[in-house]
Every structure is written in structure tokens, then in C-alpha cells.
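Please go through the briefing below with the structure open.

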Amino acid sequence: IPDADVAVGATEITMAAADLTALDLAEGDYILLEDLNGNVQVNRVKSLTSTKIGLQLPATTALVNTDSDLVHTIKQTEVMLI
């Protein structure tokens, strides 16, 4: 859950340092911004500080802290289909 609201058009997300550490992000990783009303956006990490995620693309989904909207890490996984 972001520490502060994220408006449509924003280029960074403020997170608690512990939450940002738990996301285990690096520059270039993909993330999912999820508004719990059903709106989502896949974005890419442009930059990182201990409490901020810089976004490659401006946010198209507004995230509201008090609504418990979420930021997810997207990880690539190799699988075998049988």
C-alpha cells in the first residue's frame, strides 16, 4: 500500500521503506498498480530511493492510501507446460 495517494499522471510512488524493501525491486523491473475498484496499470521502475519508486510511464490508475490500493512486483518465471 503506498504511503501517499498517487494521482493519475504522477511519475513516482512514495512507499514506507520496509514495504519498498519487501517488494524487492530493481530499476527496470515491472510493477502493477492496482486500484481495488478494478483499475490496473503495468508500469516499469525508472528509479528507486529508499522510499520512492520512479515510474517509466505516468500513472494511469489513481491509488488511494486509505482505500488500501496496492503496488505489486511482477516477476518473470520459467515454467514447463505439460
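A salt bridge here is a side-chain nitrogen of Lys or Arg within 4 Å of a carboxyl oxygen of Asp or Glu. By this rule the count comes to two salt bridges. This is a predicted model, in which local features need pLDDT of at least 70, side-chain atom pairs count only at pLDDT 80 or more, and totals for chains, interfaces and linings use all residues. Residues are numbered from 1 along each chain as its sequence is written, and side-chain values use heavy atoms, with hydrogens and water left out.

**Salt bridges**

- K52 and E12 meet through their side chains in a salt bridge, at 3.7 Å from N to O.
- This pair links distant parts of the chain: K52 sits in strand β4 and E12 in strand β1 (residues 12-14), 40 residues apart.
- Helices (H or I, at least four residues) and strands (E, at least two) are DSSP runs, numbered from the N terminus.
- K52 is partly exposed, at 28% relative accessible area. E12 is also partly exposed, at 41%.
- On this scale, buried means under 20% relative accessible area, exposed means over 50%, and partly exposed lies in between (1.4 Å probe, protein chains only).
- K75 forms a salt bridge with D29, and the closest N and O atoms are 3.8 Å apart.
- Here too the pair links distant parts of the chain: K75 is in the segment after β5 (70-74), D29 is in the loop between α1 (17-23) and β2, and 46 residues separate them.
- K75 is partly exposed, with a relative accessible area of 48%.

**Sheet**

- Five strands form an open sheet in the order β1-β4-β3-β2-β5, with antiparallel pairing.
- The edges are held by β1 and β5, each with a single partner strand, so one side of each has no neighbour in the sheet.
- Neighbouring strands of this sheet are turned by 40 degrees against each other on average, direction ignored. Axes are lines fitted to C-alpha atoms, for helices over the stretch in contact, and angles run from 0 to 180 degrees between N-to-C directions.
- Two strands pair if DSSP finds at least two bridges between them.
- Strand β2 (residues 30-34) and strand β3 (residues 40-48) run antiparallel and are joined by five bridges. L32 stands opposite V42 in β3.
- Three bridges join β3 to strand β4 (residues 52-55), and these two strands run antiparallel. V45 stands opposite L55 in β4.
- In a regular strand the side chains alternate between the two faces of the sheet.

**Hairpins and the turn at G38**

- β2 and β3 form a hairpin with five residues between them. The hairpin from β3 to β4 goes through three residues.
- G38, in the turn between β2 and β3, has a positive phi of about 110 degrees.
- G38 is exposed, with a relative accessible area of 58%.
- The C-alpha atoms of G38 and Q56 are separated by 22 Å, and the two residues are 18 residues apart along the chain.

**Nonpolar core**

- A nonpolar core is a set of buried Ala, Val, Leu, Ile, Met, Phe, Trp, Tyr and Cys residues joined through side-chain atoms within 4.5 Å.
- The largest nonpolar core has 14 residues, of which I13, I31, I53 and V71 touch the most other members.
- The elements that give two or more residues to this core are α1, β2 and β4.
- Leaving out residues up to four places away in sequence, V71 touches P2, I13, M15, L23, I31, L32, I53 and L63. Contact means heavy atoms within 4.5 Å.

**N43 and L57**

- N43 lies in strand β3. N43 is buried, with a relative accessible area of 1%.
- Apart from neighbours within four places in sequence, N43 is in contact with D29, Y30, I31, L33, L55, Q56, L57 and P58.
- L57 lies in the loop between β4 and β5. L57 is partly exposed, at 45% relative accessible area.
- The backbone oxygen of L57 lies 2.8 Å from a polar atom of the N43 side chain.
- Not counting residues up to four places away in sequence, L57 touches A10, Q41 and N43.
- L57 and L25 are 32 residues apart along the chain, and their C-alpha atoms are separated by 17 Å.

Terms used: Polar contact = N/O pair within 3.5 Å; in protein donor to acceptor, adjacent residues only side chain to side chain.
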